[in-house]
There are 2 protein chains.
Amino acid sequence: MTLLRTQGYAATTVDDICAAAGVTKGAFFHHFRSKEDLGVAAAVHFSTWLEALFARSGWRDHADPLDRVLAYVDFRIAIFRGAIPHFTCLLGMMVQETFATHPAIRAACQDGITIHAAPLCDEIAATMQARGITGFTAESLALHAMAVIQGAFVLAKADGGPDLAVDSLRHLRRYVELLLTAPQEHQGNAA
Amino acid sequence: MTLLRTQGYAATTVDDICAAAGVTKGAFFHHFRSKEDLGVAAAVHFSTWLEALFARSGWRDHADPLDRVLAYVDFRIAIFRGAIPHFTCLLGMMVQETFATHPAIRAACQDGITIHAAPLCDEIAATMQARGITGFTAESLALHAMAVIQGAFVLAKADGGPDLAVDSLRHLRRYVELLLTAPQEHQGNAA
DNA sequence: AGGTACATACCAACCAGTCGGTATGCTGGC
DNA sequence: GCCAGCATACCGACTGGTTGGTATGTACCT
């Protein structure tokens with residue numbers, strides 16, 4: 001996972017993976033039909049690892065659904081620490097490389113992102129219903145959060161550090177707060 | 001450029017590029033010292049191409065600086081048409097693959113993004129000054145816009161189409177409008 | 001004459017994937 | 001308790017094709 005997040009899918013060779021994992025090529029191809037098969041498995045594995053990480057964080061342990069949404073963003077911000085390959089997203093990285101050439105990997109990455117966004121979407125929907133907020137869908141806001149997060153990773157990689165990315169997530173936090181606490185007049189057309 | 005945006009840097013071979021360009025390998029290595037050199041040149045070329053595209057769009061042809069900022073976002077939204085490799089960003093894609101392994105390409109991508117954000121940053125600053133808005137920096141908002149745009153490209157690639165990406169940009173538009181037309185009480189701590 | 005702009009032929013390293021072989025463990029018959 | 005029969009897990013040398021890059025030659029312009 002670290003190897004793929006550092007070099008990307010295409011630049012990571014099967015030999016690299018075997019050396020890092022301390023296994024032989026025979027063992028690799030015994031467990032994976034092809035390199036693409038490993039890509040799919042890596043996406044699935046990353047997805048489940050991510051869910052476990054967020055479950056442990058306890059971002060949903062708040063009475064008010066709005067607090068849960070904000071806690072999600074806060075936890076996201078808190079994660080931006082250490083080396084870049086350690087906090088960036090394998091799904092967003094791999095899907096950029098493979099969307100046109102490896103449909104199976106693309107689909108696995110899409111699934112991972114969708115699954116990850118689902119609970120956030122639920123909390124946003126709960127907040128909207130509790131406060132009678134309309135004008136946009138909970139799903140579009142949850143996916144917008146995913147976009148900001150993925151974009152923040154790109155900025156961090158371009159800049160060589162997490163500072164710009166964190167600033168961007170703070171803007172996301174402010175937007176969510178504005179939207180979900182705003183009086184009704186703020187709503188535009190649906191997004 | 002299309003080749004790199006479709007397959008990525010690592011998966012695109014020099015032979016691929018030569019075939020697409022209709023030149024021989026000798027000609028290629030006459031003009032570029034290495035493949036990495038081409039990567040840098042591609043980033044620079046994309047950057048200048050992008051500036052020309054936005055200059056032509058006339059997004060700055062508005063009296064009010066806020067209208068200019070919104071026109072920028074609107075033009076961004078309008079661009080999401082056609083095949084994915086045609087509207088996505090080479091800089092964001094390449095920097096993800098090369099940030100750890102090809103410092104020269106990473107730097108070229110960073111430059112391109114910074115240069116592109118500069119005029120938007122100026123217009124945001126002008127809006128903030130004209131309306132006395134404080135509480136965040138123009139630079140952080142401009143870079144947040146870059147993050148949303150890059151993230152939108154990731155979503156488009158994962159989803160196989162531009163719809164989610166456009167929704168996300170509409171959220172960005174709403175945020176910019178909220179921030180830059182809001183009464184002063186909305187400001188939090190600096191981002 | 002000499003430099004620029006190519007073309008052609010070529011190379012060593014590397015790539016994903018294969019293949020014959022081995023070590024180990026499980027299952028059922030006796 | 002023991003062994004045959006078989007499946008799973010794994011090894012590592014090998015292969016055919018590909019890779020970025022080079023060496024050498026040549027057409028053309030000044």
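A polar side-chain atom of H30(B) sits 3.4 Å from a phosphate oxygen of DNA strand C, a polar contact being a pair of N or O atoms within 3.5 Å (within protein, one must be able to donate a hydrogen and the other to accept it, and residues adjacent in sequence count only if both atoms are side-chain atoms). This is a predicted model, in which local features need pLDDT of at least 70 and side-chain atom pairs count only at pLDDT 80 or more, while totals for chains, interfaces and linings use all residues. Residues are numbered from 1 along each chain as its sequence is written, chains are lettered from A and ligands numbered from 1 in the order in which they are written, and side-chain values use heavy atoms, with hydrogens and water left out.

**DNA strand C**

- The residues around DNA strand C include T12(A), K25(A), K35(A), T24(B) and H30(B), where near means that a heavy atom of the residue lies within 4 Å of the strand.
- Of the atoms of DNA strand C that come within 4 Å of the protein, 53% belong to sugar and phosphate.
- The side chain of T24(B) has an N or O atom 2.4 Å from a phosphate oxygen of DNA strand C.
- From chain A, a backbone N or O atom of K35(A) is 2.8 Å from a phosphate oxygen of DNA strand C.

**DNA strand D**

- Around DNA strand D are residues of both chains, among them T24(A), H30(A), V14(B) and K35(B).
- Sugar and phosphate make up 54% of the atoms of DNA strand D that come within 4 Å of the protein.
- Phosphate oxygens of DNA strand D are 2.6 Å from a side-chain N or O atom of T24(A), 3.1 Å from one of H30(A) and 2.9 Å from a polar backbone atom of V14(B).
- Here the largest share of the surface, four residues, comes from α3(A).

**The two protein chains**

- In contact (heavy atoms within 4.5 Å) are 51 residues of chain B and 51 residues of chain A.
- Between them the chains bury about 4300 Å², 67% of it on carbon and sulfur atoms; buried area is the accessible area (1.4 Å probe) that two parts lose on being put together, summed over both.
- Q96(B), H171(B) and R174(B) supply 16% of the area that chain B buries against chain A, more than any other three residues.
- Across this interface there are zero salt bridges (a side-chain nitrogen of Lys or Arg within 4 Å of a carboxyl oxygen of Asp or Glu), and 14 residue pairs are in polar contact.
- With 15 residues, α9(B) gives the most to the side of chain B that touches chain A.
- The residues of that side of chain B are 26 nonpolar, 17 polar and eight charged.

Note on methods: Helix = DSSP H or I, 4+ residues; strand = E, 2+ residues; numbered from the N terminus. Nonpolar A, V, L, I, M, F, W, Y, C, P; charged D, E, K, R; others polar.
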